[in-house]
Amino acid sequence: MSKAILMQGNEAAVEGAITAGMRFFAGYPITPSTEIAEQSALRLPQVGGKFIQMEDEISSIAAVLGASAAGLKAMTATSGPGFSLMQENLGYGVMAEIPCVIIDVQRAGPSTGLATSPSQGDYMQARWGTHGDHPVIALSPSSVLETYTLIIRAFNLAEKYRTPVIFLMDEIVGHMREGVELPDPGGLIINRRKMSFHDGANKQCYFVPEGEYVPAMKPFGQGERYNITGLAHDESGFPVNSNEIAGKLVGRLLDKVEKNADDICRVEEFAMDDADTAIVCFGGTARAAMDAVLAARAAGKKVGMFRPVTVWPFPEKALLARLPQLRQILMVEHNHGQMLLELQRVTRCARPIHFLGRVDGTVISPSDILGKLNEMEGTHHAE
Amino acid sequence: MIGKRKLVIEQNWCKGCGICAAFCPKGALEIVNEKVTLKDPALCVLCGQCEMRCPDYAIYLVNEEE
Amino acid sequence: MPSDLVHLYMRIDHLPQIWCPGCGNGVIMRDVAVAIDELIHDEENSINREDIVIVSGIGCSSRAAGYLDFNSIHTTHGRAIAFASGIKMANPRLHVIVLTGDGDCSAIGGNHLIHAARRNLGLTVIAFNNNIYGMTGGQYSPTTPHDDKATTAPYGNVDRPFDIANLATGAGASFSARGDVYHVRETIDLIKQAILHKGFALVDVYSVCPTYYGRKNKKGDAVDMLKWQKENLIPTARYYSISENEREGKKLLGVLSFNDYPEYTDEYAKVIEACRQKAKKK
């Protein structure tokens, strides 16, 4: 039996990543993610892994992509300002299909903002921060234990789909300390990318068999000489000027996430079975939402919580399955209304959608949410 | 060790920059219609200076038997 | 049919290359291939072809990664050294060779250059230094001389230039050298030394861009620009045999700095080993 230990969210991210097989970390200090770099510096050499503190966030993600191309599971961690700097190379990782995990412990922005205060203001940046049409997988944990287990899933998805996965934490979860009982590693599923090229590939390193979406990836230095580029490329990995091939490539990149949304998407539902009102929230905000649900239930209201754990792609199927039973929805998020836009898009506003958000760096409390629920009973106008 | 060598010119690859002709110590090369040509085979001493500085790999030495 | 060397080390399906007539980049790319070939066949220092990774950024120079037939990665603008740092850390056995340009490694990527040099991470950086941004059509770069013209310096360049080899030396590079397109044999030897060097090694190779830099600055064509190199870049032995007066305006072609500081991945391996020993004692 494992014993409960007191652990911080940022620390759990590192422990989970190491369990997932992460053996390379490159990063640059930034509040509120710094503990992830510190813990990686301490822990990685103990397991034969490598840590490097780079000169900035741009080089941090570049080094991570390089290490992954050479065969290691690799990760970086940052917060808003650093996440902004990483965007170009994040897109490179998507285009060149290099697996890695990028943690963004969100803090209040814009710009330097409130460096130590919580926020969920990078939700849309996670989706659209890098230029061009591209797929994104982003996961968001709401507790210390979930940070540990979910980051393992982040690595698994990165390896399976050969793409960077964004681990969208927030200051609340990153700096929260909780007693956790870590699961027995023997019971966990750990994925690894397909390392040998497909038989029919004939040295076409980006060859994808009919009906599949993800090419195999052999690390540099293992006897296959191939080319990786961020330019539009054909299956041989070399740049092309053909619009047809470029269109096909971007189409496949988008498809590999969109067509596998059922595999990628996860939600947590709490008291949703008979709920007529759903509080939709993600990450650290779920802590207050869950308290509010309990209090509302005690007052006889049929309120439940619907929490996307996979925040990109948005788990639309799961939400639409709940829609018929719902009278109204309350979106609670630590920003000015970002997931709200997804909610409106997915439901086509078929139910009134109310919104509770915050951009002043203070936390949203259960009583804020209860107040909003009461207010909603007095009005039925969509905001 | 090195057998008899000869000069090969791959005119399709030549962009006519003239570097090889300018630095040929014997003046054996010239550019005609934007392509390198061997003006006088008798002048060529097979030194390989042209191959070393050709940016386009359009001129080089090979062993005769090949 | 190209030469055996080209056939063996370049991806001939992708040749002839896209560079302009007289561009020095093709010569430097061949220098790199010859240097590697000679090292592969060097009985004393033999290196394994499969252990070579070519990393490039963005710009004219960076197209070289696609032409050379090795493990190759063409990365983002300025970040080649940062990508290379991750590759080298992940697998220190690899010979990681960065092919970059003056803008790529000393403007947008300047920060990565100086920090990789400071760490003494065992990369080989070959800078194709043509004094201009060629790919975008001739804007001034950090190595465009003061007063020279560029499309973004129509009245003459106000900036003062970097000397990339000296910059690397100043940042602590344990090997820094200067080569050019005219002195082919000397430059190949410098590249070989750089590849064999255990720590961070940079060769600043003066290229020529007759199309965007030469023409605009009345420096003549490619031939004239190579003649300038012949007269103004002086190989080591001769450089130190001529008088101070004769050196005026000339540059040393050869090794500028060399020392045997401990290499970064070796140092990190010691950290891992110390952790292992500590765990054993417990």
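Student: Before we start, how are residues, chains and ligands labelled, and what pLDDT do local features need?
Tutor: Residues count from 1 along each chain as its sequence is written, while chains are lettered from A and ligands numbered from 1 in the order in which they are written. Totals for chains, interfaces and linings use all residues of this predicted model, side-chain atom pairs count only at pLDDT 80 or more, and local features need pLDDT of at least 70.

Student: Happy with that! How many helices and strands are there in chain A?
Tutor: Helices here are DSSP runs of H or I with at least four residues, strands are runs of E with at least two, and both are numbered from the N terminus. On that basis chain A has 13 helices and 16 strands.

Student: Why is chain A called as compact as a globular protein of its length?
Tutor: The radius of gyration is taken over C-alpha atoms, and the globule rule is 2.2 Å times the number of residues to the power 0.38. For 383 residues the rule gives 21 Å, and chain A is as compact as a globular protein of that length because its own radius of gyration is close to that, at 21 Å.

Student: What percentage of the residues in chain A is buried?
Tutor: A residue is buried if 20 or more other C-beta atoms, placed from the backbone, lie within 10 Å of its own; exposed means 12 or fewer, and partly exposed is in between. Of the 383 residues in chain A, the buried share is 51%.

Student: Which domains does chain A have, and which element gives the largest share of the side of domain 1 that touches domain 2?
Tutor: The bounds come from an automatic or database domain assignment, which gives domain 1 (5-187) and domain 2 (268-378), with C-alpha centres 26 Å apart. Counting a contact when C-beta atoms, placed from the backbone, lie within 7 Å, 24 residues of domain 1 of chain A meet 18 residues of domain 2. The largest share of the domain 1 side, four residues, comes from H5(A).

Student: Which residues does Glu268(A) touch, leaving aside those up to four places away in sequence?
Tutor: Glu268(A) sits in strand S11 (residues 267-270) of chain A. It counts as partly exposed because it has 16 C-beta neighbours inside 10 Å. With residues up to four places away in sequence not counted, Glu268(A) touches Arg307(A) and Val309(A).

Student: Now for the chains together: which pair has the most contacts?
Tutor: Chains A and B do not touch, and their nearest C-alpha atoms are 20 Å apart. Two pairs of chains do touch, and the most contacts are between chains A and C.

Student: Which element of chain C supplies the largest share of its side touching chain A?
Tutor: In this interface, 33 residues of chain C are in contact with 37 residues of chain A. Strand S2 (71-74), helix H4 (80-90), helix H6 (110-119) and helix H13 (264-281) of chain C each supply at least two residues of the chain C side. The largest share is eight residues, and it comes from H4(C).

Student: Which residue of S2(C) is the bridge partner of Ile228(A)?
Tutor: Two strands pair if DSSP finds at least two bridges between them. Strand S10 (residues 227-229) of chain A is joined to S2(C) by three bridges, and the two run parallel. In S2(C), the partner of Ile228(A) is Ile73(C).
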